[in-house]
Amino acid sequence: MTKKIIIAITGASGAVYAKHLFDSLHKKGIELHIIISENAKGILKDETGIGEGYFKKKNVSIYENSNINVRIASGSFRFDGMVVIPASMGTLGRIANGYSNNLISRVADVALKERRKLIIVPRETPLNDIHLNNMLTLSRAGAVILPASPAFYHKPENIDDIVKFITARILNQLDIDNDLIPPYAEEI
Ligand SMILES: Cc1cc2nc3c(=O)[nH]c(=O)nc-3n(C[C@H](O)[C@H](O)[C@H](O)COP(=O)(O)O)c2cc1C
């Protein structure tokens, strides 16, 4: 059966990570559900040049972050994973503290309560105690904290090479085959 993945894009720098993940999953024919926070829209445009139209053209489901009255907000909607990418510290804090006051934090809350895969991709640096505590809370609640910290052993030559390292790690977490980055042992 086709996998169903929810991608939540929030207002942190690193929108290119979201675009790359989206493109990779879309290419694989995976059913995608996209939520873009209001703050993410401007950053997405500035950093990648794309807007909401990019996703709409690809015929995937897109939701307003302000509208909680949609099927993906319910525990009855079965999905294989949710990726918050890039995850702002604001959204991360809302999820860690169970705020559920917008669609992204509500769906993440559902993912945790239904024991579904929730992958959170923060980019922030440095981190304060509040960020670190929130990440620990989330990890203990079952989320995977997967910081956007690419490695360099695969000898990246451009931004795409750097970004695809993070996509590969996320696809591994989602149990989706990929050949984006060769396994480390084959590199040396
Ligand atoms: C250009 C720009 C870059 C930002 N980068 C980050 C970032 O990397 N990490 C972060 O936590 N917040 C960042 N912010 C701040 C968030 O956008 C802000 O906290 C916002 O309230 C997050 O809302 P959201 O989580 O609903 O998208 C940035 C804001 C702007 C305007």
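**Reading strands, helices and a ligand shell**

Me: Which residue of strand 4 is the bridge partner of I5?

Reply: In this predicted model, I5 has G81 of strand 4 as its bridge partner. Strand 1 (residues 4-9) and strand 4 are joined by four bridges, and the two strands run parallel.

Me: What is the bridge partner of G81 in strand 5?

Reply: G81 is paired there with K117. Strand 5 covers residues 117-122, and five bridges link strand 4 to strand 5, again in the parallel sense.

Me: How many residues of strand 4 are buried?

Reply: To judge this, count neighbours: a residue is buried if 20 or more other C-beta atoms lie within 10 Å of its own. Strand 4 (residues 81-87) is mostly covered, with seven of its seven residues buried.

Me: Now the helices. At what angle do the axes of helix 4 and helix 5 cross?

Reply: The axes of helix 4 and helix 5 (residues 103-113) cross at roughly 45° and come within 9 Å. Angles under 35 degrees count as roughly parallel and 65 to 115 as roughly perpendicular, so helix 4 is oblique to helix 5. The crossing of helix 4 past helix 5 is right-handed.

Me: Which residues come nearest to the ligand?

Reply: There are 14 residues around the ligand, and G11, A12, S37, M89 and T91 come nearest. Helix 2 (38-48) and helix 4 (89-96) are the elements that give two or more residues to this shell.

Me: How many residues of that shell are nonpolar, polar and charged?

Reply: The shell has eight polar residues, four nonpolar and two charged.

Conventions:
Residues numbered from 1 in each chain as written. Predicted model: local features only at pLDDT ≥ 70, side-chain atom pairs only at ≥ 80, totals over all residues. Near = placed C-beta within 6 Å. Nonpolar A, V, L, I, M, F, W, Y, C, P; charged D, E, K, R; others polar. Buried ≥ 20, exposed ≤ 12 C-beta atoms within 10 Å, placed from the backbone. Pairing = 2+ DSSP bridges. Axes fitted to C-alpha atoms, helices over the stretch in contact; angles between N-to-C directions. Parallel < 35°, antiparallel > 145°, perpendicular 65-115°, else oblique. Left-handed = near helix turned anticlockwise from the far one by under 90°.
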